[in-house]
Amino acid sequence: MSRAATLSGLDPSFGTSQRVREAACDALDRGETHYTTRPGLVELREATRTLLREYCGVEVEGVNGVLITCGEAEGLFVALRTLLSPGDEVLTVAPLTDADQELLTSLEVSVAVVPVGDLGRPRLQAADVAAAITDRTRVLMLRTPGPSGLPLQAMDLKLLAEQARIANLSVVTVETGQPSYHGEHRPGLAVHLDSSTPYVVVGEFAAPWGLEAWRVGYLAGVSQLVTPMTELKQALTICSPAVSQFAALAAITAPREEAAKRRSELGRRAAAFADACQAHGLRVIRPEGGDGIFVTLPHSLPDEAAAVERLARHGIAAYPGGPMGLPGWLRFALTVPPESAPTIAGRILELIDGAEAR
Amino acid sequence: MTEASPKQISQTQTSNEAIRQRFSLVERAARMQGVITLGRGDPDLPTPAHIVDAAKDAIRHGVDERTPAAGSSRLRGQIAAKLATENHVDVDPVDGVVVTTGGQEGLYMVIRAVLRPGDEILVPDPRYTSYDLAIEHAGAKMVLVPTNESDGFDLHPEEVERLITERTKALLLISPGNPTAGTITPPNIRRLAEIAQERNLLVISDEIYEKLLYDGTEHLSIGSLTPARDRTVTINGFSKTYCMTGWRLGYVAGPTSIMTAVAQRKELWSGPPPAVSQVAASAALTGPTEILDKYLEIYRRRRRLVLDALNRMGFSYGEPRGAFYVYLNASSVGLASYQISELLLEEAHVLLLPGTAFGDRWSNYMRLAYLAPEEQIGEAMGRMEATLRPHLKRGK
């Protein structure tokens with residue numbers, strides 16, 4: 001959920017590691033200030049392949065199947081703009097982020113959102129998935145984990161993969177494949193896809209890598225899709241920034257413990273914030289991964305927009321759940337250190353609920 | 001994961017063969033040994049040291065947070081100040097500037113923000129063909145305005161007027177131009193501003209080569225002229241002047257109503273440019289300028305070297321009054337420009353881009369970018385002459 005961070009001006013803020021800083025400075029000292037090849041540094045694409053194999057269980061056919069992007073947003077736009085025409089339909093699963101909703105609207109396509117039942121234990125029904133597919137459906141787009149930080153179960157991912165195959169859909173799967181906060185391996189949709197299903201995996205080297213401000217992401221998959229996507233990327237930004245690519249290369253080839261530490265810290269923040277919210281009588285969806293958390297009041301929020309605005313006036317960024325298919329909920333980025341969680345949770349309750357709840 | 005279905009392939013095909021050819025040549029050259037590259041518009045000179053130092057300083061001290069999608073407020077303010085001081089173009093420093101990940105992305109976002117299906121946009125011919133996709137995606141129609149070698153590829157107002165229809169929405173200007181290195185003369189710029197006002201056109205003015213001018217050529221920003229003041233979007237960037245292609249940093253500036261729409265698209269489709277690149281751009285705008293004079297002198301010498309060699313070989317060209325290109329007329333070779341590029345790459349190990357990369361009707365032209373040290377340029381000219389001599393027609 002980079003957008004939440006962007007608009008709030010608050011990222012998880014782990015900072016760039018010393019190793020990455022040095023690698024970036026070394027690249028500048030070597031004069032790496034020119035265009036790279038259009039798809040990105042070969043070494044970075046190769047390292048990305050390795051990462052996708054390790055985390056997502058996906059074997060991309062050679063470095064030509066990997067395109068380095070200026071972050072997830074560019075990758076997602078390039079993928080969807082290449083695959084979709086106005087009037088087409090996209091199949092996805094609740095909750096849908098507001099940024100994704102706006103992106104799809106800007107592409108003049110419609111969206112069919114499959115419900116997941118209990119928000120805390122998302123599950124899909126085959127009939128719901130089948131009913132959401134029409135003859136205009138072209139693409140299955142999925143984030144794993146979604147904005148709630150909860151993954152779909154393997155059997156649900158298999159169900160989606162099977163429906164994509166039957167309906168002859170292309171798949172755009174936004175996944176980092178990052179293990180959960182507790183180190184459990186949670187591959188996304190890509191690993192379940194049939195070999196005949198055209199797909200791309202989109203992601204960004206962001207919070208777990210300490211690279212939020214460097215704007216480097218990837219788009220990888222079958223060359224039939226990646227090749228035209230590379231041409232669109234060329235028409236947009238030509239190539240991704242060189243020094244950012246060298247920073248990303250240093251980050252993702254570093255010992256995995258660095259990323260694991262950051263994931264673990266996100267997990268501590270999520271747990272502390274969830275505990276603090278619950279102690280104040282707020283309901284939460286406890287995430288297992290990602291960088292955000294959904295919270296709601298004991299009674300439903302009367303006006304999400306007003307609550308968000310009130311919080312923003314006091315320097316707390318939140319996103320309304322309504323546009324994401326979760327009315328009555330607010331999403332917060334995991335920017336708060338564990339020790340500050342009780343104070344912040346209390347402040348949120350005070351600001352949203354005001355005198356009525358007291 | 002193998003074949004895409006016919007349905008999916010039909011939706012993912014893109015059209016521009018010229019762009020593919022251009023990049024195929026560039027990528028082949030990169031894999032070969034001993035090639036002198038006079039193809040890609042990527043300055044060989046280094047990013048000035050004070051800019052690199054500012055970036056390194058920021059990296060060491062932490063530049064860890066994303067900026068707003070439209071760019072840091074500091075950089076936007078500096079860009080607005082630069083436009084006011086140097087170009088006499090007034091824009092709102094908060095809502096009138098969007099920092100982009102390169103000037104090309106800026107153009108894409110502007111085109112998508114202002115053009116609707118059925119609209120027409122006037123574009124000088126030849127053109128940088130990477131712009132085509134933006135126009136195609138907007139569902140708009142590109143109408144090419146002819147320019148000619150004989151007058152240095154100037155853009156004539158009467159040609160523009162002749163092609164305006166009731167569907168014409170915008171006029172794209174690129175001065176100095178790519179690939180021609182020609183400039184639009186100030187009297188023509190002034191008349192084009194009046195036409196834009198008379199015919200209610202938006203002007204998109206790409207000024208990325210504004211500081212690379214020769215022989216006393218003057219740059220005039222159309223957005224500074226009263227008739228065009230409220231209808232011009234200025235596009236610029238740091239790649240060419242400051243040798244910062246790898247930093248991918250540009251900007252668009254203009255009326256806030258348009259910039260708001262551009263900023264929305266930037267946020268949805270791309271997000272903010274890297275924070276480090278923005279710090280570097282800030283240093284470029286506020287740092288010393290002596291190095292730019294030095295670079296310009298280097299380009300001036302290279303340009304003379306190239307033009308002398310082309311004159312010896314009997315090639316004609318439009319007078320290159322700016323940028324770092326020469327768009328030369330290779331009709332005397334008797335081969336199509338792509339064949340000439342192939343021949344030069346394979347036999348002379350010199351890369352020049354074919355004119356067809358810049359429009360269908362330019363099969364007799366080649367773009368030469370003098371972006372290599374003088375010794376290499378001299379060597380390349382010698383190899384080029386030796387390779388093409390057997391093909392050159394007599395009397396040229």
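Predicted model: local features only at pLDDT ≥ 70, side-chain atom pairs only at ≥ 80, totals over all residues.
Let me begin with chain A, where 4 strands form an open sheet in the order E8-E9-E11-E10, with antiparallel pairing; strands here are DSSP runs of type E with at least two residues, helices are runs of type H or I with at least four, and both are numbered from the N terminus, while two strands count as paired if DSSP finds at least two bridges between them. At the edges of this sheet are strand E8 (283-285) and strand E10 (319-320) of chain A, each of which pairs on one side only. Residues are numbered from 1 along each chain as its sequence is written, chains are lettered from A and ligands numbered from 1 in the order in which they are written, and side-chain values use heavy atoms, with hydrogens and water left out.

Within the sheet of chain A, strand E9 (residues 292-296) and strand E11 (residues 330-333) pair in the antiparallel sense over 4 bridges, and Ile293(A) stands opposite Phe332(A) in E11(A). Helix H10 (residues 257-279) of chain A packs on this sheet, touching E8, E9 and E11 of chain A, and its direction makes about 5° with that of E9(A); contact means heavy atoms within 4.5 Å, and the angles run from 0 to 180 degrees between N-to-C directions of axes fitted to C-alpha atoms, for helices over the stretch in contact.

Turning to chain B, what is the order of the strands in its open sheet of 4 strands? The order is E9-E10-E13-E12, and the pairing is antiparallel, with strand E9 (316-317) and strand E12 (353-354) of chain B as the edge strands. E9(B) is joined by 2 bridges to strand E10 (residues 325-329) of chain B, and Ser316(B) stands opposite Asn329(B) in E10(B). Helix H11 (residues 290-313) of chain B packs on the sheet, where it touches E9, E10 and strand E13 (365-369) of chain B, and its direction makes about 5° with that of E10(B).

Now to the place where the chains meet. The contact takes 69 residues from chain A and 62 residues from chain B, and the two chains bury about 5700 Å² between them, 53% of it on carbon and sulfur atoms; buried area is the accessible area (1.4 Å probe) that two parts lose on being put together, summed over both. Between chain A and chain B there are 4 salt bridges, a salt bridge being a side-chain nitrogen of Lys or Arg within 4 Å of a carboxyl oxygen of Asp or Glu. Asp64(B) and Arg21(A) meet through their side chains in a salt bridge, at 3.2 Å from N to O.

Across all chains the structure holds 46 salt bridges. Arg136(A) forms a salt bridge with Glu89(A), with the closest N and O atoms 2.9 Å apart, and this pair links distant parts of the chain, 47 residues apart.

I will finish with the backbone. A cis peptide bond, with omega about -10°, joins Thr144(A) and Pro145(A), and Pro145(A) lies in the loop between E4 and helix H7 (154-166) of chain A. In chain B, a cis peptide bond joins Asp125(B) and Pro126(B), with omega about 10°.
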